[in-house]
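Colleague: Please walk me through this one. Keep it short, I'm new to this.

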Amino acid sequence: MKCRKYRKLISLYVDDELSSVYEDELFEHLCACSSCKTALKNESMLKSYIKDSYSGTYNVDFSRSIMTKIEEKNNKKKMTFKTVQKTKIIACAALVVIFSSVITISSLSRFDYFARKDNSDNLEKFVYEHMDKSFSEQQRTFELTSVNFSK
């Protein structure tokens, strides 16, 4: 029971929070109790280990170099994002040019569709389909035979 009280006093002593009255009482007990001597030794070592772990000096240059590397990575990400955006814009522009070229070429090839000599049957069919239905069959035949297929 008494050792429990002295263990609390040991903790206060190690932390430099024990009054001188209790300090004398603690030292009297330590002379008689070997387990409390061991507890004092262990508490002191623990405190010194903790103190040593926090007493390290920090290298300012090391921290500055880490921050510089972080900033460089962030700048690379920004540049990569801008590069990707530019690439997307160029790709879209290329697609627009290709699409408009295909449309232009296909419209030019259709424009000359009826002017070819080998498509005279198609021209005749086209004219016949688009003739006014009010014409008689005889008038339709006359108009079809009067079409000049040579160009």
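Colleague: Where does tyrosine 22 sit?

Modeller: Tyrosine 22 is in helix H2. Helices here are DSSP runs of H or I with at least four residues, strands are E runs of at least two, and both are numbered from the N terminus. Keep in mind that this is a predicted model, where local features need pLDDT of at least 70, side-chain atom pairs count only at pLDDT 80 or more, and totals for chains, interfaces and linings use all residues. Numbering starts from 1 along each chain as its sequence is written, and side-chain values use heavy atoms, leaving out hydrogens and water.

Colleague: Is tyrosine 22 buried, exposed or partly exposed?

Modeller: Tyrosine 22 counts as partly exposed, at 41% relative accessibility. Buried means under 20% relative accessible area, exposed means over 50%, and partly exposed is in between (1.4 Å probe, protein chains only).

Colleague: How far is tyrosine 22 from leucine 12 in space?

Modeller: They are 9.9 Å apart, C-alpha to C-alpha, and ten residues apart in sequence. Leucine 12 belongs to helix H1. Leucine 12 is partly exposed too, at 33% relative accessibility.

Colleague: Which residues does leucine 12 contact?

Modeller: Glu17 and Leu18, leaving aside neighbours within four places in sequence. Contact means heavy atoms within 4.5 Å.

Colleague: Let's zoom out. How many helices and strands does the protein have?

Modeller: Six helices and zero strands. Along the sequence, the pattern reads α-α-α-α-α-α.

Colleague: And how much of the protein is buried?

Modeller: The protein has 151 residues, and 11% of them count as buried. As for contacts with a separation of 6 or more, 42% are between residues 24 or more positions apart.

Colleague: Back to H1 and H2. At what angle do their axes cross?

Modeller: Roughly 120°, and the axes come within 10 Å. So H1 is oblique to H2. Axes are lines fitted to C-alpha atoms, for helices over the stretch in contact, and angles run from 0 to 180 degrees between N-to-C directions. Under 35 degrees counts as roughly parallel, over 145 as roughly antiparallel, 65 to 115 as roughly perpendicular, and the rest as oblique.

Colleague: Which residues of H1 and H2 meet?

Modeller: From H1, Cys3, Lys5, Tyr6, Leu9, Ile10 and Tyr13. From H2, they meet Tyr22, Glu23, Glu25, Leu26, Phe27, His29 and Leu30.

Colleague: There are rings in that list. How many aromatic pairs does a search of the whole structure find?

Modeller: One. Tyrosine 13 and phenylalanine 27 form an edge-to-face pair, 5.5 Å centre to centre, with 80° between the planes. Rings of Phe, Tyr and Trp (its six-membered ring) pair if their centres lie within 6.5 Å; planes under 30 degrees apart are stacked, over 60 edge-to-face and the rest tilted.

Colleague: What does that pair tie together?

Modeller: Tyrosine 13 lies in H1 (residues 2–14) and phenylalanine 27 in H2 (residues 20–32), so the pair links parts 14 residues apart in sequence. Tyrosine 13 is partly exposed, with a relative accessible area of 26%. Phenylalanine 27 is partly exposed as well, at 33%.

Colleague: And histidine 29, buried or exposed?

Modeller: Buried, with a relative accessible area of 14%. Histidine 29 is in helix H2. Histidine 29 touches Cys3, Tyr6 and Cys36, not counting residues up to four places away in sequence.

Colleague: New topic. At what angle do H1 and H3 pack?

Modeller: About 30°, with the axes 10 Å apart. That makes H1 roughly parallel to H3. The contact includes Cys3, Tyr6 and Ile10 of H1, and Ser35, Cys36 and Ala39 of H3.

Colleague: Where is methionine 45?

Modeller: Methionine 45 is in helix H3 (residues 34–54). Methionine 45 is partly exposed, at 34% relative accessible area. The C-alpha atoms of methionine 45 and valine 14 are 9.7 Å apart, though these residues are 31 apart along the chain.
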